[in-house]
Amino acid sequence: MRNSADALRRLARGLKRPRPARLLTLAVFGLAGLLFWMSFNTAQGTNLRSDDSMLRLSDLIHERDDDNKRLEKSASGLRSQVDELAERDASTDPGSRKRMKGLQDAAGTRKVSGEALSVTLTDAPPDATPLIPGVPDPQPNDLVIHQQDLQAVVNALWQGGAEGIKVMDQRLISTSAVRCVGNTLILQGRVYSPPYKVTAVGDTGKLKQALEDSPAIQNYQSYVEAYGLGWKTDEHKRVTLPGYSGTVDLHYAQPQEQ
């Protein structure tokens with residue numbers, strides 16, 4: 001009996017639960033093994049610098065850009081038909097016709113022609129070095145066109161009395177927003193890459209003077225001289241800017257009813 005009791009006590013001691021410290025040790029070794037396995041799996045031909053989600057996002061942006069191009073073309077055709085019908089209805093009333101054309105000009109939905117000035121902005125070469133002695137080596141942001149650069153050009157041209165402005169192939173109106181995301185321009189649902197071209201119809205002398213007087217453009221010119229950012233202006237005897245063909249309805253947030 002005594003031998004049996006001793007055997008039972010030894011068996012009970014052998015079945016005791018591991019101490020917490022022992023459990024913690026086992027968990028640490030298990031986690032380390034998991035990390036080693038993940039590192040080994042990642043190193044098996046995987047490009048650690050790739051970002052599939054960003055690639056998918058880029059594909060989606062370009063897909064939406066193509067859709068917007070088609071919709072813009074369709075909207076432009078419908079707007080032309082509406083304008084023709086409106087002009088036909090107002091043709092018997094000279095006063096109404098004059099008011100309608102005035103509103104179209106103010107909204108930017110009609111073509112505008114005349115002498116023009118165009119400005120082209122381009123990124124500097126990615127391996128650019130200082131062009132002026134004593135200038136520090138450029139940072140990546142010093143070599144690309146930023147949103148504020150495009151906005152400075154557009155604002156200066158408006159200040160110079162532009163009758164109409166086109167950025168790339170799109171006419172600007174009062175609600176147009178010039179936005180850059182990374183190294184691309186997003187304008188009214190369309191995506192563009194540099195070089196960026198801005199064209200304004202108006203008195204070219206006044207337009208050029210407005211560009212020269214702009215402090216923001218003077219700052220940009222310092223980077224042109226230091227690192228080779230692109231800047232080019234061209235005068236044109238006659239240019240026709242297209243009318244804005246997108247929606248003119250304003251969309252804004254509204255409070256949710258409780």
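Me: How many aromatic pairs does the count come to in this structure?
Reply: In this predicted model, the count comes to 2 aromatic pairs.

Me: Why is the pair of Tyr220 and Trp231 called tilted?
Reply: The ring centres of Tyr220 and Trp231 are 5.8 Å apart, and a pair requires centres within 6.5 Å. The planes stand at 55°, whereas stacked needs under 30 degrees and edge-to-face over 60. The pair is therefore tilted. Tyr220 belongs to helix 7 and Trp231 to strand 8, so the contact ties together parts 11 residues apart in sequence.

Me: What makes Tyr220 buried or exposed?
Reply: Buried means under 20% relative accessible area. Tyr220 has 3% relative accessibility and therefore counts as buried. Trp231, with a relative accessible area of 24%, is partly exposed, because that class lies between 20% and 50%.

Me: How do you know that Tyr223 and Tyr227 form an aromatic pair?
Reply: Their rings are 6.1 Å apart, centre to centre, and the limit is 6.5 Å. With 45° between the planes, the pair is tilted. Both residues lie in helix 7, 4 residues apart, which is about one turn of the helix. Tyr227 is buried, with a relative accessible area of 7%, while Tyr223 is partly exposed at 30%.

Me: Why is the contact between Asp169 and Arg190 called a salt bridge?
Reply: The rule asks for a side-chain nitrogen of Lys or Arg within 4 Å of a carboxyl oxygen of Asp or Glu. For Asp169 and Arg190 the N to O distance is 3.3 Å, so the pair is a salt bridge. Asp169 sits in the loop between strand 2 and strand 3, and Arg190 in strand 6, 21 residues apart. At 7% relative accessibility Arg190 counts as buried, whereas Asp169, at 40%, counts as partly exposed.

Me: What makes Glu235 and Lys208 a salt bridge?
Reply: The closest N and O atoms of Glu235 and Lys208 are 3.2 Å apart, and the cut-off is 4 Å. The pair therefore qualifies as a salt bridge. Glu235 is in strand 8 and Lys208 in helix 6, so the bridge joins parts that are 27 residues apart in sequence.

Me: Which residues line the largest cavity, and what makes the lining nonpolar, polar or charged?
Reply: The lining consists of Leu121, Asp149, Ala152, Val153, Ala216, Ile217, Tyr220 and Trp231. Helix 5 and helix 7 are the elements that each give two or more residues to this lining. Ala, Val, Leu, Ile, Trp and Tyr are among the residues that count as nonpolar, and Asp counts as charged. The lining therefore divides into 7 nonpolar, no polar and 1 charged.

Notes
Residues are numbered from 1 along each chain as its sequence is written. This is a predicted model: local features need pLDDT of at least 70, side-chain atom pairs count only at pLDDT 80 or more; totals for chains, interfaces and linings use all residues. Side-chain values use heavy atoms; hydrogens and water are left out. Buried means under 20% relative accessible area, exposed over 50%, partly exposed in between (1.4 Å probe, protein chains only). On a 1 Å grid over the protein atoms alone, a cavity is a set of points where a 1.4 Å probe fits but cannot get out, and a pocket is an open set with protein on both sides within 12 Å along at least five of seven lines; lining residues have an atom within 4 Å of a point. Rings of Phe, Tyr and Trp (its six-membered ring) pair if their centres lie within 6.5 Å; planes under 30 degrees apart count as stacked, over 60 as edge-to-face and the rest as tilted.
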